[in-house]
Amino acid sequence: MGDVAGLWPGRCNHRQGRPRCPQGAARDALALLLVNQFLHIGRLDRPGECGATHQVIRSELVQAGIAQRPLMAGDVIPALGIAVASIAFAPILQAANSALAILVEALVGCAIILAAPAYAPSIAIFIIFFQNLFVSILSSYIATESEVEFVKGYNFLVCAVMWLVTLALYALRERKHSPDIDRIMKWGLITLATVTAYFVIGATQDSRAALVYLRNIALPLFLFQLSLLTAATFEIRTTPFLVAVATLLIVCGYVELLFRDFWLSITNGYTFWHFDELKATRSGAWEAQMRETGNVPVDLLDRFRFSFFNTPLLEDLGLSNLLRIFGPNMSPISFGYGIAFSILFLFAVGYRWLALAAIPLLIFCSVKGALILAVFVALAWTSTWLLGPLITLAGALIALMLYAIVAIYVGMQIGDFHVIGFMGGWSGFLQNPIGRGLGVGGNLSEGYFSIDWNAAQQAGSIEGAVESAVGVLLYQMGIGSLVPLGFFLAMALKAWRLYASSGILTQGLAAFGTMVVLVNGIFQEEALFAPPALGLLLCLTGLVIGHHLRTQGDGRKASD
């Protein structure tokens, strides 16, 4: 994995009269190494580092007994086996008895935390990406499309149970406490309480929609706190597992891209997508999509055809019949964000040829938000190396504001549905800044499939909020939406502070990735509500912050 024990040491600061090279820099560098040793991430050296610093660091490493360790199967196989067992047989259990399935999956979540707690974040990441693959393979055992949708919710159940048990152990002092951890947990629970209050309000009007939006908003928070408390308490190694997951995603993507019929056959895809067709037909989604696009699908592959990056701005390229890749999670947007994350993570940990090999998949997913995520983080890494962290952060925030403004302006000009949906949420916020409750408005609202998009394009807005996570939050939660959005941004900035002092690329991925996905939420519901987007990035953010707090506490104890 390259220089897996490397980090970005403190720079000489001769201009300010406080030289830090070599002993002071060595201490700082060693501390930063310990902070991120569990990720085993290469260093992005900046120009002008002191050569003597490296020699002192190497000496300190020998004294500390920290050795580089290669990627080993033993790090991956146990977590992978538990992850597969935790979710693979849920469809069969559901077919036998839904109550039994719920009980078993809940017990599995409890057992993971009690018996193998260090594997919990890795298992959560795996089931986010691969649960629907097992649902598809075993969909012949399922009778109705409503059962399929129910089974898809088991990944949330397992993650929620793991989070709940971890939270209970934290309350019982069985997980690490410190002032910093307690402060982060307090604000996280305040965020959850705020969302729950709006859920109660919305449940009185549409309980099902309110429950779905509660799940969508709460899951990223669950993943963050689960990872934070786990990494703060245990020494865990997630890099080998994440590399394995990224490799599996890439393999699945290329098999689907190159051998579509074979992929549909081995995954039992025709049965799975038949259930999806029934759901889309009965809900009105299919009819609404045909009205929006003017396309009438004849066979299953027609449902996979989209214009390039799903925008009229690129129609002149002649790629209007692109076959999108849906991946093992059976969603092009979720898979696109998963591939974007994989490319960035693989590059950060030294698997750069594998990262480059995944780029065509990102293109064929044809997901604008995922491509923007990859480009933005890569540019932020480069700018930090060339210009420094503070200038990069200021430039990044300005760039994100300009991106939002320009995208909204262009979207209004071309009648983009996502921008129109956001403007509906903004108008609803101005009409009722307090909010209406979760589930009121959004893609799950009763009136969604009856929207007259031609009239909405002429008006530049709609009644309600759709196709925009931020617009939906503003419409449903009003001023209260600033609580979850503000908390997620605050955690991104906390990860950025770690990155600014260390230069470790995965910390930059957690920081800048979370920031850009929050802005992408203006133009996509999935950016904030699909677990492989915001949920995955917050999971990584929890890991890097939690491990920093654990090793920081261990360092203080050692010095005492």
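Helix axes here are lines fitted to C-alpha atoms over the stretch in contact, and the angles between their N-to-C directions run from 0 to 180 degrees; helices are DSSP runs of H or I with at least four residues, numbered from the N terminus. The model is predicted, so that local features need pLDDT of at least 70 and side-chain atom pairs count only at pLDDT 80 or more, while totals for chains, interfaces and linings use all residues. Residues are numbered from 1 along each chain as its sequence is written, and side-chain values use heavy atoms, with hydrogens and water left out.

Colour the chain by pLDDT, the predictor's confidence in each residue from 0 to 100. The mean for the protein chain is 81, and 74% of its residues reach 70 or more. Over residues 1–72, however, pLDDT stays under 50.

Next, select helix H6 (residues 120–137) and helix H8 (residues 154–171), whose axes come within 9 Å and cross at roughly 170 degrees. The two helices are therefore roughly antiparallel to each other, a term for angles over 145 degrees. Show side chains where they are in contact (heavy atoms within 4.5 Å): Ala120, Ala124, Ile127, Ile128 and Gln131 of H6 meet Tyr154, Asn155, Val158, Cys159 and Met162 of H8.

Stay with Asn155 in helix H8, which counts as buried at 14% relative accessibility, the limit being under 20% relative accessible area with a 1.4 Å probe and protein chains only. Leaving aside residues up to four places away in sequence, Asn155 touches Ile87, Ile127, Ile128 and Gln131.

Now turn to the aromatic rings, for which a search of the whole structure finds 13 pairs; rings of Phe, Tyr and Trp (its six-membered ring) pair if their centres lie within 6.5 Å, with planes under 30 degrees apart called stacked and over 60 edge-to-face. Select Phe156 and Phe222, whose ring centres are 6.1 Å apart and whose planes stand at 25 degrees, so the pair is stacked. Phe156 lies in helix H8 and Phe222 in helix H10 (residues 207–233), so this pair ties together parts that are 66 residues apart in sequence.

Finally, move to helix H23 (residues 482–502) and select Trp496, which is buried with a relative accessible area of 9%. Beyond residues up to four places away in sequence, Trp496 touches Pro389, Leu390, Leu393, Ala511, Phe512 and Met515. Trp496 and Gly508, twelve residues apart in sequence, are 6.1 Å apart in space, C-alpha to C-alpha.

Definitions and conventions: Angles under 35 degrees count as roughly parallel, over 145 as roughly antiparallel, 65 to 115 as roughly perpendicular and the rest as oblique. Buried means under 20% relative accessible area, exposed over 50%, partly exposed in between (1.4 Å probe, protein chains only).
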